[in-house]
Amino acid sequence: MVGQYDENLLSDMLPVYYTRLFPQNIFCRWLACGNSPQPLSNRELSFTLADDVYIRYLSISDQREFQALLQKKSPYKLDIGAVYNNKPSISRHDAVVLARELVFDIDLTDYDEIRTCCQEAKVCDKCWKFMVIACEIIHKCLKDDFGFQNILWVFSGRRGIHCWVSDYEARVLDSPGRAAIADYLCLIVGGDNQNKKVHLGADNLHSSIKRSVSIIDKYFEELIQDQEFLQTPGRLQKFLKMIPDETLRDQVEKNLEKMSETSLERWAMFVRTYDSYLRDHGHAIRKIKYLIEEIKIQFCYPRLDVNVTKGFNHLLKSPFSIHPKTGKVSVVFKPQNARTMKLDEIPTIYTLLDDSSPDNVQHQTNMKSAVKNFQEVVFSLEKAEALRRRNDPNTTLDF
């Protein structure tokens with residue numbers, strides 16, 4: 001092995017990783033709950049092998065079969081699909097989807113129009129705050145507004161996070177139900193050419209929007225300083241185009257021209273100008289009543305890939321899969337710990353298998369913590385499934 005992660009060594013490292021470190025038992029127990037009441041063999045798995053060889057419609061009957069499949073194929077990437085009415089490898093053309101976790105995919109590339117520290121695949125601790133906000137907002141919404149309890153959060157391995165909701169009510173949602181939840185969570189609308197993408201109207205704000213803004217407020221000043229949303233002439237012009245009232249926009253532009261270039265000071269001046277304008281122009285309140293909140297949401301609110309949530313055919317990377325480009329493990333984390341996560345402390349396959357690596361001990365500890373986080377969600381899900389089956393006269397108590 002060399003002194004740092006080398007993708008060319010992945011084929012040698014993966015068999016060892018899958019044997020020693022991949023939590024096969026708890027993984028299969030999670031899938032089994034997510035399949036219930038269907039057999040585990042009705043779940044679709046997908047492997048991406050070396051040289052981007054892609055295999056769909058795989059299935060397993062138990063952990064022993066899963067272990068054998070991992071050792072035989074050593075996938076570079078492991079994805080999870082839906083539960084069908086039959087074994088997917090047998091009836092892939094006429095198979096009917098019976099269940100699928102409600103999933104959410106948040107990727108930092110969807111923030112490229114607003115984040116300034118990184119672009120595309122690059123990620124740092126500054127732009128990770130967008131993921132922290134997304135995790136907190138979505139988690140609170142799923143629990144408080146929809147009553148879901150068995151929610152799994154997973155680092156994607158590179159530049160985003162995934163959320164899996166495994167409650168029975170979530171798994172059996174049809175496409176319109178999933179679309180309704182996705183639409184409920186989407187406040188940012190419009191394409192790249194649209195300047196203002198959030199419109200809250202003039203009526204009283206829904207409690208979920210108020211809650212989201214209160215979460216954003218905890219991080220907003222940090223983000224302004226980290227990202228400098230209003231620093232350069234180009235960014236300032238984008239910001240001014242978010243102000244629909246032309247008179248207010250002219251006042252803000254004139255006032256900001258006199259300011260220093262720090263975004264935090266410019267934002268404070270904007271808020272003062274906005275408040276003063278509303279006091280002097282009461283007629284404008286219906287048009288820009290929630291302008292402050294709309295701008296905060298446009299800068300900070302979660303940007304979901306709604307097609308992943310709405311559909312059944314999209315496969316999502318498995319927890320504890322390895323990202324082939326970074327070598328990082330797709331670790332499970334607790335939502336309340338998202339803020340303290342450090343990207344350089346996320347375990348990589350190399351540091352986990354190389355005892356001489358200076359990060360080995362730290363990464364081993366973090367890997368064990370991630371598995372424990374996974375276990376806690378699975379244990380909770382198993383209890384919920386047992387209770388549901390006990391109370392459902394149409395099911396047996398066999399588990």
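The legends below describe close-up views of a predicted model.

**View 1. Tyr17 and the largest nonpolar core.** The largest nonpolar core holds 121 residues, and within this core Tyr17 and Phe239 touch the most other members. Helix 4 (residues 125-145) supplies the largest share of this core, 12 residues. Beyond residues up to four places away in sequence, Tyr17 touches Phe22, Phe320, Ile322, Val329, Ile349, Leu352, Leu353 and Met367. In soluble globular proteins, nonpolar side chains tend to be buried together.

**View 2. An aromatic cluster that includes Tyr17.** One aromatic cluster is formed by Tyr17, Tyr18, Phe22, Phe27, Trp30, Phe66, Trp164, Phe320 and Phe374. Among these residues, Phe22 and Phe320 are also touched by Tyr17. Phe27 and Trp30 of helix 2 and Phe374 of helix 15 also take part in the contact of those two helices, which is the subject of the next view.

**View 3. The crossing of helix 2 and helix 15.** Helix 2 (residues 24-35) and helix 15 (residues 360-391) have axes that come within 10 Å and cross at roughly 35°. The crossing is left-handed. On the side of helix 2 the contact is made by Ile26, Phe27, Arg29, Trp30 and Cys33. Helix 15 contributes Phe374, Gln375, Val378, Phe379, Leu381, Glu382 and Glu385. By type, the residues of this contact are 8 nonpolar, 1 polar and 3 charged. An α-helix has 3.6 residues a turn, so residues three or four places apart point the same way.

**View 4. The rings around Phe146.** The whole structure contains 21 aromatic pairs. In one of them, Phe146 and Phe148 have ring centres 6.1 Å apart and planes at 15°, so this pair is stacked. Phe146 is partly exposed because its relative accessibility is 30%, whereas Phe148, at 7%, counts as buried. Phe146 also pairs with Tyr184: the ring centres are 5.2 Å apart and the planes stand at 80°, so this pair is edge-to-face. This second pair links distant parts of the chain, 38 residues apart, with Phe146 in the loop between helix 4 and strand 6 (151-155) and Tyr184 in helix 6 (residues 175-185). Tyr184 is partly exposed, with a relative accessibility of 30%.

**View 5. Arg211 in helix 7.** Arg211 lies in helix 7 (residues 207-227). Its relative accessible area is 18%, and buried means under 20%, so Arg211 counts as buried. Apart from neighbours within four places in sequence, Arg211 is in contact with Lys140, Cys141, Asp144 and Asp145.

**View 6. Helix 12 and what covers it.** Helix 12 (residues 291-300) is mostly covered, with 9 of its 10 residues buried. The buried residues are Leu291, Ile292, Glu294, Ile295, Lys296, Ile297, Gln298, Phe299 and Cys300. Covering these residues are, among others, helix 4, helix 7, helix 8 (233-240), helix 9 (246-257), helix 10 (263-280) and helix 11 (285-288).

View 7. Most residues other than glycine have a negative phi, and most peptide bonds are trans. Ser36 and Pro37 are joined by a cis peptide bond, with omega about 10°. Pro37 sits in the loop between helix 2 and strand 1 (43-48). Ser74 is not a glycine but has a positive phi of about 45°. The loop between helix 3 (63-73) and strand 3 (77-84) holds Ser74, and this residue is buried, with a relative accessible area of 13%. Glu120 also has a positive phi, near 55°. Glu120 is placed in the loop between strand 5 (102-107) and helix 4 and, at 59% relative accessibility, counts as exposed.

**View 8. Glu261 in the loop between helix 9 and helix 10.** Glu261 lies in this loop and is exposed, its relative accessible area being 54%. The C-alpha atoms of Glu261 and Pro233 are 9.4 Å apart in space, while the two residues are 28 residues apart in sequence. Neighbours within four places in sequence aside, Glu261 is in contact with Glu228, Leu230, Gln231 and Arg266.

Key
Residues numbered from 1 in each chain as written. Predicted model: local features only at pLDDT ≥ 70, side-chain atom pairs only at ≥ 80, totals over all residues. Heavy atoms only, no water. Core = buried A, V, L, I, M, F, W, Y, C linked by side-chain atoms within 4.5 Å. Buried < 20%, exposed > 50% of the residue type's maximum accessible area, 1.4 Å probe, protein only. Helix = DSSP H or I, 4+ residues; strand = E, 2+ residues; numbered from the N terminus. Contact = heavy atoms within 4.5 Å. Axes fitted to C-alpha atoms, helices over the stretch in contact; angles between N-to-C directions. Left-handed = near helix turned anticlockwise from the far one by under 90°. Nonpolar A, V, L, I, M, F, W, Y, C, P; charged D, E, K, R; others polar. Phe/Tyr/Trp six-rings, centres within 6.5 Å; stacked < 30°, edge-to-face > 60°.
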